[in-house]
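Q: I am new to this structure. Please pick one part and take me through it closely, step by step.

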Amino acid sequence: MTLVQSLGLIEEAEKCIEQVQGPLGVAVKEKMHSVLHKNPGLDCLKLIRDTHCEINGVIFPAELTALDIANMKFAPITSVEVECSFSRYKSVLRPNRRSFNFENLSMYMVSHCFQDQDSQNE
């Protein structure tokens, strides 16, 4: 899913939640605003999305290059994938793996990446 599509889903959900009435609706709206405002990277992702949509006049943080922006076309907006990979590979950095050199680590990661693709294709 592209960054444009992902942020579109969030904005669509925001619009739907804004229409919810009653005390439960107020609680859900407050929670949504709290979660979204605690994420400082969301505004940056929206700026990058605007560039991908060719909206003029967008000003980026100085630390981002044009290549960074281009590479973020398919940036995930959640950390779930990263957290899953941390939990899957947590055994790699155990104390008994101190002799794990970079070449072996590289082969280990590649083999697990292909293992994930094989299990998704079944």
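A: Start with one term: a contact here means heavy atoms within 4.5 Å. The model is predicted. Arg49 lies in helix 3. Leaving aside neighbours within four places in sequence, Arg49 is in contact with Leu3, Val4, Leu7 and Glu11. Is Arg49 buried or exposed? Its relative accessibility is 11%. Buried means under 20%, so Arg49 counts as buried.

One of those partners is worth a second look. Leu3 and Arg49 are 46 residues apart along the chain. Gly8 sits in helix 1. Along the chain, 41 residues separate Gly8 from Arg49, and the distance between their C-alpha atoms is 9.7 Å. Gly8 has 29% relative accessibility, so it counts as partly exposed.

Now step back for the setting. The protein chain has six helices and zero strands. Read along the sequence, the pattern is α-α-α-α-α-α. The chain holds 122 residues, and 18% of them count as buried. Take the contacts in the chain with a separation of 6 or more: 45% of them join residues 24 or more positions apart.

Back to the close view: how do helix 1 and helix 3 meet? Their axes come within 9 Å and cross at roughly 120°. Helix 1 brings Leu3, Val4, Leu7, Glu11 and Glu14 to the contact. Helix 3 answers with Leu42, Leu45, Lys46, Ile48, Arg49 and His52. By class, this contact has six nonpolar, one polar and four charged residues.

Helix 1 also meets helix 2. The axes of helix 1 and helix 2 come within 9 Å and cross at roughly 150°. Angles over 145 degrees count as roughly antiparallel. Helix 1 and helix 2 are therefore roughly antiparallel to each other. Their crossing is left-handed. On the helix 1 side, the contact is made by Ile10, Glu14, Ile17 and Glu18. On the helix 2 side, Val28, Lys29, Met32, His33 and Leu36 take part. These residues divide into five nonpolar, one polar and three charged.

Follow Leu36 from there. Beyond its neighbours within four places in sequence, Leu36 is in contact with Ile10, Glu14 and Leu42. Leu36 also belongs to the largest nonpolar core. Which residues make up that core? There are nine in all: Leu3, Leu7, Met32, Leu36, Leu42, Leu45, Ile48, Leu64 and Ile69. Helix 3 gives the most, with three residues.

One last stop is the start of the chain. Thr2 lies in the segment before helix 1, which spans residues 3–18. Thr2 has a relative accessible area of 17%, so it is buried. Not counting residues up to four places away in sequence, Thr2 touches Lys73 and Phe74.

Arg49 is in helix 3, and its contacts include Leu3 and Leu7. Leu3 and Leu7 are also among the residues of the largest nonpolar core. Both take part in the contact of helix 1 with helix 3 as well.

Note on methods: Residues numbered from 1 in each chain as written. Predicted model: local features only at pLDDT ≥ 70, side-chain atom pairs only at ≥ 80, totals over all residues. Heavy atoms only, no water. Helix = DSSP H or I, 4+ residues; strand = E, 2+ residues; numbered from the N terminus. Buried < 20%, exposed > 50% of the residue type's maximum accessible area, 1.4 Å probe, protein only. Core = buried A, V, L, I, M, F, W, Y, C linked by side-chain atoms within 4.5 Å. Axes fitted to C-alpha atoms, helices over the stretch in contact; angles between N-to-C directions. Parallel < 35°, antiparallel > 145°, perpendicular 65-115°, else oblique. Left-handed = near helix turned anticlockwise from the far one by under 90°. Nonpolar A, V, L, I, M, F, W, Y, C, P; charged D, E, K, R; others polar.
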